[in-house]
Every structure is written in structure tokens, then in C-alpha cells.
Amino acid sequence: QVQLVQSGGGLVQPGGSLRLSCAASGSIFRVNAMDWYRQAPGKQREWVANITNGVTTNYADSVKGRFTISRDNAKNTVYLQMNNLKPEDTAVYYCREEISRASGGYYSAYWGQGTQVTVSS
């Protein structure tokens, strides 16, 4: 079994910062790409950021320059540092990790439980 547990999030004023974490545990051989997604009320889930196994990062235009994705391979954990938050960043944020459970095995996508981020004065 593999489980992704998210932490962080909460209520912050515009211009503030938050840091999200997502830790994978269980029967894990290797973690490939890690992503963050978000879903605002009444909207579809959208991709936010990605970090590859080789630590190349990619960002949605809406968060570029404000959000930073990073990873700790020893802990199978991905982070999302969010600075200069705006009301339009309000959403439930989800992590996603591509995980192989055995040497030579295929990768499957696993999702975190989601965490609420609310940006409001």
C-alpha cells in the first residue's frame, strides 16, 4: 500500500505565504515526477507545478514567479512554497506522485487527500 499525506494550508491574507507538504509512505521503490494541482469551487482541477526526478521544474503561468516546488527524495516528500498569495489562489490543493513499488515495475499515480488554501482579508 502507498499513502500520500498532505499538510500545511489554511487561511492567509493577500500577499501572505504558505507552505504545503506531501509525504508518501508505504511500499515504495522509487518516485518519479511529483505534481501539485488545485481545484477552486465550481471549477475543474488544474495543474499548478511539476518537478521531475531530475529536479527540473515547471509552473502554470498563473503561479510562475510566486510558487516554488521542491522535493526531498530521502523522505519521498514534495513541497509547494506559495508566496504573494492572491484571492484567486483559493482552492483545494492536491499532490500527485508517480510511484514504482518494485525494481523494474511500472509507475502508478497516487494522490494526496487535498488541503484547503484560502486567501482572504
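Because the model is predicted, local features were taken at pLDDT of at least 70 and side-chain atom pairs at pLDDT 80 or more, while totals for chains, interfaces and linings use all residues. Residues are numbered from 1 along each chain as its sequence is written, and side-chain values rest on heavy atoms, with hydrogens and water left out.

Starting with the overall fold, the protein chain has 0 helices and 11 strands (DSSP runs numbered from the N terminus, helices being H or I of at least four residues and strands E of at least two). Read from the N terminus, the order is simply β-β-β-β-β-β-β-β-β-β-β. The radius of gyration of the protein chain is 14 Å, close to the 14 Å that the globule rule gives for 121 residues, so the chain is as compact as a globular protein of that length. Here the radius is taken over C-alpha atoms, and the rule is 2.2 Å times the number of residues to the power 0.38. Along the principal axes, the C-alpha atoms fill a box of roughly 50 × 25 × 25 Å.

Of the 121 residues, 42% count as buried, where buried means under 20% relative accessible area, exposed over 50%, and partly exposed in between (1.4 Å probe, protein chains only). Among contacts (heavy atoms within 4.5 Å) with a separation of 6 or more, 55% come from residues 24 or more positions apart.

Next, the interior. In soluble globular proteins, nonpolar side chains tend to be buried together. In this chain the largest nonpolar core has 29 residues, and Trp 36, Leu 80, Met 82 and Tyr 93 touch the most other members. Such a core is a set of buried Ala, Val, Leu, Ile, Met, Phe, Trp, Tyr and Cys residues joined through side-chain atoms within 4.5 Å. Two or more core residues come from each of β1 (2-7), β3 (18-26), β4, β5 (46-51), β7 (67-72), β8, β9 and β11 (115-119).

The rule for disulfides (cysteine sulfur atoms within 2.5 Å) gives a count of 1. Cys 22 and Cys 95 make the bond, with their sulfur atoms 2.0 Å apart. The pair ties together distant parts of the chain, Cys 22 in strand β3 and Cys 95 in strand β9, 73 residues apart. The link is right-handed, with 60 degrees about the S-S bond. Cys 22 is buried at a relative accessible area of 0%, and Cys 95 is likewise buried at 0%.

Cys 95 also turns up beside Asp 35, a residue of strand β4. The C-alpha atoms of Asp 35 and Cys 95 are separated by 5.7 Å, though the two residues are 60 apart along the chain. Asp 35 counts as buried at 5% relative accessibility. Beyond its neighbours within four places in sequence, Asp 35 contacts Trp 47, Ala 49, Asn 50, Tyr 94, Cys 95 and Arg 96.

As for charged pairs, there are 6 salt bridges, each a side-chain nitrogen of Lys or Arg within 4 Å of a carboxyl oxygen of Asp or Glu. Arg 38 and Asp 89 meet in one of them, at 3.0 Å from N to O. This pair also joins distant parts of the chain: Arg 38 sits in strand β4 (residues 30-39) and Asp 89 in the loop between β8 (77-82) and β9 (91-100), 51 residues apart. Arg 38 is buried at 5% relative accessible area, and Asp 89 is buried at 1%. Both belong to a salt-bridge network that links Arg 38, Glu 46, Arg 66 and Asp 89. Arg 96, buried at 17%, pairs with Glu 98 at 3.4 Å from N to O. By contrast, Lys 64 and Asp 61 are both exposed, and their closest N and O atoms are 3.2 Å apart.

Finally, the backbone. Most residues other than glycine have a negative phi, and most peptide bonds are trans. Asn 76, in the loop between β7 and β8, has a positive phi near 50 degrees. Asn 84, in the loop between β8 and β9, has a positive phi of about 50 degrees and counts as partly exposed at 42% relative accessibility.
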